[in-house]
Amino acid sequence: MPDSRAHFEKALDATDVDIPVVANEAENSSDLQELKAEIVERAHELGFDLVRFARVDAMPETLAVLEERIDAGLLSGLTWFTKERARDASDPRNLMGSARTAVSLGISYLGSGEYTPSEPGEARGKVARYAWGLDYHEVFKGKLVALHEFVQERLGRAVEARTLVDTARIVDRAVAERAGMGWFGKNSNILNRERGSWILLGELLLDVELPTDERVRTNCGSCTRCMPACPTGAIIAPGVVNSDRCISYLTIELKGPIPRDLRPLIGDWVFGCDICQDVCPVNGKAVPGEHAEFAAEMGIGPSPVLTELLDMTEDEFRARYRYSPVKRAKWAGLRRNAAVALGNVGDQESVPALVRALHGDAALVRGHAAWALGRIGGEAALEALRERATIEDDEWVREEIGLALEMLAKTQNG
């Protein structure tokens, strides 16, 4: 196991950290300014690239946007994100009543490494850049805990705190925007002048009232490059994303079948998508972070071989991706994605692997393998689909096989 993974052994089961409530002592304002500067310095030492400070009162503008998006059905696939959760997420004090300051922190995951194109006999998929290496949740958490410990040592008292990394009930991007880390791009990501949108976000809530930072007075201007670049048309207006059409949602959050009309639009992405970031001019000038934890060799890398993903056993999946964000897709989900990508790459040499998946034990994978075989075509694909049709007992998979056979018939008939 690489040395950079060592801290994962301790952090894998970590949860958001709460310290018992302790009454605040009055800190001198000049001391607080000095403390703020020291927190920034210590955060940089720990590996944070961006450090900003925000107030922790309610964010009514964020709540209004979330409720509007929920009413419009733009978050319908995220059934857990209700209006109640939106209300909770729009006020940091709902997570920690004694919070006085939110320290917004960012780590750049932009580093070296490029995608390897597919070749005959070796079809490859694409993974969003943030997921090439180790799981950022655990990388972040250890650093946040260390920063909290520094604040306690500096003040000489117990400081109530809460460490937050993506999974808690808080809108990370809204806190980052309020803290002046960047502005909302038209793809809804936070854009920072120096680091672009290649940044992972987290927060440290403190019961210390530190001086806060101002919002930045910048926006994307007339640039709309990200909007037409989205293959699925998920960016329906500046800053408005229909999450149900986003490739990241489809390949990670969605646990069932990918809608048939969207499968061809996913291309060869198997976990997440970076297209709207790749075309952004701000990102073209972004300064890399070059953090070892996110290097391609630490995890799945940028371009996994698709047939290897498809043939992977559940035990192999768990062992290989224990430390990777890719585990969020689950074993069946990642193989489903690999099947769709193979159908879009269209390499005849991937047919045997798809046939094996067609006879596998996961209906979700069988159905998407059938779709891919229908896309690729050929006698071997046709024979396998016909054979499976006679023994398949899952209604949805039978439907997918029937549609794949219809697709092949149309192809054969010209």
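Helices, at least four residues long, and strands, at least two, are DSSP runs numbered from the N terminus. The model described here is predicted.

The sheet comes first. Four strands form an open sheet in the order β1-β2-β7-β4, and the pairing is antiparallel. Its edge strands are β1 (50–54) and β4 (161–164), each of which pairs on one side only. From one strand to the next, the twist averages 20°. Strands of a sheet pair through backbone hydrogen bonds, either parallel or antiparallel. Here, β1 and strand β2 (residues 101–108) run antiparallel and are joined by five bridges. Within this pair, F53 stands opposite V103 of β2.

A helix lies across part of the sheet. Helix α5 (residues 136–155) lies across β2, β4 and β7 (199–206). The angle between α5 and β7 is about 35°.

The nonpolar cores were examined next. The largest has 114 residues. Those with the most contacts inside it are F48, L105, Y130 and L354. Helix α5 gives the most to this core, with nine residues. A second, separate core has seven residues, among them C226, M227, A234 and C276. Residues up to four places away in sequence aside, L354 touches L310, A339, L342, A369, A372, L373 and I376.

After α3 comes G73, whose phi is positive, near 75°.

R260 sits in a loop. This loop connects α8 (247–253) and α9 (263–266). R260 has a relative accessibility of 32%, so it counts as partly exposed. Leaving aside neighbours within four places in sequence, R260 is in contact with W396, E399, E400 and L403. With E399 there is also a polar contact, made between the two side chains at 3.3 Å. Another pairing spans a stretch of sequence: R260 and H368 are 108 residues apart along the chain. In space, the C-alpha atoms of R260 and H368 are 9.3 Å apart.

Key. Residues are numbered from 1 along each chain as its sequence is written. This is a predicted model: local features need pLDDT of at least 70, side-chain atom pairs count only at pLDDT 80 or more; totals for chains, interfaces and linings use all residues. Side-chain values use heavy atoms; hydrogens and water are left out. Buried means under 20% relative accessible area, exposed over 50%, partly exposed in between (1.4 Å probe, protein chains only). Contact means heavy atoms within 4.5 Å. A polar contact is a pair of N or O atoms within 3.5 Å; within protein, one must be able to donate a hydrogen and the other to accept it, and residues adjacent in sequence count only if both atoms are side-chain atoms. Two strands pair if DSSP finds at least two bridges between them. Axes are lines fitted to C-alpha atoms, for helices over the stretch in contact, and angles run from 0 to 180 degrees between N-to-C directions. A nonpolar core is a set of buried Ala, Val, Leu, Ile, Met, Phe, Trp, Tyr and Cys residues joined through side-chain atoms within 4.5 Å.
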